[in-house]
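Trainee: I would like to learn how to read the features of a model like this one. Could we take them one at a time?

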Amino acid sequence: MHGSSDASWEGQASDAAIAALRWVTSAGIAVDGGMAWREYTAPGTPICDDLYAGTAGVLAALAEARLSGITDFDDYARAAVRRLRSVASASAGSSATATDPAQAASVPNTGLYTGLSGMAAALHMWALVSGDPDARDGASAVVTAISGIAASTRPVSEWRDIIEGEAGVLLVLAELGDAGDKRVASDIADQLVSQARWIDGLPDWYPRADHPVFLPNFSHGLAGIGYALAAASTALGRPDLLEVALLAGQRLVGLGSRPDGAIAVPHSIPLADPDVPVCFGWCHGPAGTLRLFQLLDQQQPGRAWAGYAEACRRAIRSSGLPARLYPGFWDNLGQCCGTAGVGEMALDRYQETGDADWLGWAVTLAQDVLNRRIADESGVRWSHTEHRLDPPDLEPDAGWMQGAAGIASWLLRLARVGEEGVGATKLWWPDHPVSA
């Protein structure tokens with residue numbers, strides 16, 4: 001088994017991650033010849049198979065473990081593959097807009113973090129790192145199912161965003177699909193562009209038609225949708241989509257530029273909470289928004305986009321995180337809203353530049369995460385804090401975006417980067433501009 005019990009930070013990160021994955025896998029439930037996970041670990045909560053909180057997210061974490069040479073969890077991964085293939089097969093003929101709550105767990109939607117697109121992505125991740133032909137064939141079958149649903153349903157989702165809407169579906173079909181799937185992806189891109197709201201010549205999107213508040217960062221709005229259009233422009237051979245993405249980037253720069261030269265785009269427009277106008281994580285902050293700037297810089301280098309990405313990093317570094325500066329500030333450790341997502345950004349920058357300061361800061365973030373872990377005979381996990389509740393500690397979650405699977409995955413990547421250096425292998429993600 002990869003990892004050690006020595007006092008090095010690499011060993012500490014790896015050991016904690018492995019213990020966390022033991023806790024995550026122990027929460028699996030045998031079902032349909034495979035294994036699934038609950039949205040929350042408490043008994044009686046529904047089974048969830050998506051990338052955000054369920055089976056697909058656990059499989060992504062196990063792919064990260066395999067990338068680090070850890071084979072202890074392969075049986076769980078193969079069981080997750082069987083479960084996802086079963087769910088996708090049952091979903092192939094279903095409507096993408098079905099809303100029956102009783103079917104929500106077994107007939108997921110097409111979203112990237114909430115449904116079939118995330119299942120395809122997780123199967124593809126596992127196939128890439130393990131060579132598992134069942135996962136490879138499963139990913140292909142799920143993409144075909146998504147394409148069929150999208151071809152017969154307009155729009156394919158009521159949502160436009162990258163987490164659960166058309167932008168995430170567009171990414172997966174454009175990156176993983178065949179020629180027919182790409183034609184469907186092109187139609188989805190046209191649908192997305194037609195839904196833009198144009199403000200002073202620049203586009204923005206409401207998360208859905210009946211949600212008239214802009215959430216312009218990565219998870220639910222402009223940055224994520226712009227990213228999907230920019231990525232699809234290459235995959236589909238459509239430079240017109242890149243032009244829209246460039247305009248989206250311009251709007252983000254205008255919304256987020258600060259007098260100190262940093263960029264932090266408001267959480268919402270109009271502001272949902274004027275006392276907390278900006279966040280700093282992947283979902284609603286510069287850690288996610290800079291991904292669009294990175295991608296635009298890759299596609300049109302030398303046009304200031306790299307500087308805008310650096311301005312986002314400046315906002316994060318000057319924010320004071322991971323210190324808990326006041327009640328409600330930096331109470332989350334996960335991939336979506338917290339330290340693991342910011343830590344991924346720090347590792348990205350170290351691997352891009354070789355600047356040891358970024359690796360050092362990632363280690364600082366990891367030490368804070370390790371100091372806040374719960375460790376006992378059942379394994380390692382983490383509790384987020386909600387200062388408005390009494391008691392404030394939330395129930396630990398096993399999933400990717402808010403739970404131990406995502407945190408453990410980042411710690412494993414950190415240990416691998418520490419051991420292998422800037423050239424350390426990276427796990428492919430559809431919405432990550434520097435993954436391999």
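Predicted model: local features only at pLDDT ≥ 70, side-chain atom pairs only at ≥ 80, totals over all residues.

Trainee: Which residues of α9 are buried?

Mentor: The general idea concerns helix geometry. An α-helix has 3.6 residues a turn, so residues three or four places apart point the same way. In α9, the buried residues are Leu241, Leu242, Val244, Ala245, Leu246, Ala248, Gly249, Arg251, Leu252, Val253 and Gly256.

Trainee: Next, charges. How many salt bridges does the structure hold?

Mentor: Side chains of opposite charge can pair when their charged atoms come close. The structure holds 25 salt bridges. One of them joins the side chains of Asp187 and Arg154, at 3.4 Å from N to O. This pair links distant parts of the chain, 33 residues apart: Asp187 is in helix α7 (residues 179-194), and Arg154 is in the loop between α5 (133-152) and α6 (166-176). Asp187 is partly exposed, at 37% relative accessibility, and Arg154 is partly exposed too, at 46%.

Trainee: Where in the chain are Arg413 and Glu344, and are they buried or exposed?

Mentor: Arg413 and Glu344 form a salt bridge through their side chains, at 2.8 Å from N to O. The two are 69 residues apart and link distant parts of the chain, with Arg413 in helix α14 (residues 404-420) and Glu344 in helix α12 (residues 339-353). Both Arg413 and Glu344 are buried.

Trainee: What about Arg324 and Asp331?

Mentor: They form a salt bridge whose closest N and O atoms are 3.1 Å apart. Arg324 is partly exposed, with a relative accessible area of 42%, whereas Asp331 is buried, at 8%. Salt bridges can also join into a network, as with Glu310, Arg313, Arg349 and Glu352.

Trainee: Now the rings. How many aromatic pairs are there?

Mentor: To read a ring pair, look at the distance between centres and the angle between planes. There are 13 aromatic pairs in the structure. In one of them, Phe280 and Phe329 are 6.3 Å apart, centre to centre, with 70 degrees between the planes, an edge-to-face arrangement. They link distant parts of the chain, 49 residues apart: Phe280 is in the loop between α9 and α10, and Phe329 is in the loop between α11 and α12. Phe280 and Phe329 are both buried. Elsewhere, ring pairs join Tyr113, Phe218, Tyr227, Trp282, Trp400 and Trp429 into a cluster.

Trainee: Which charged residues lie over rings?

Mentor: Among them is Arg291, over the face of Phe218 at 5.9 Å from the ring centre. Another case is Arg317, whose charged end sits over the ring of Trp358, 4.8 Å from its centre.

Technical notes:
Residues numbered from 1 in each chain as written. Heavy atoms only, no water. Salt bridge = Lys/Arg side-chain N within 4 Å of Asp/Glu carboxyl O. Helix = DSSP H or I, 4+ residues; strand = E, 2+ residues; numbered from the N terminus. Buried < 20%, exposed > 50% of the residue type's maximum accessible area, 1.4 Å probe, protein only. Phe/Tyr/Trp six-rings, centres within 6.5 Å; stacked < 30°, edge-to-face > 60°. Lys NZ or Arg CZ within 6 Å of the ring centre and 35° of its normal.
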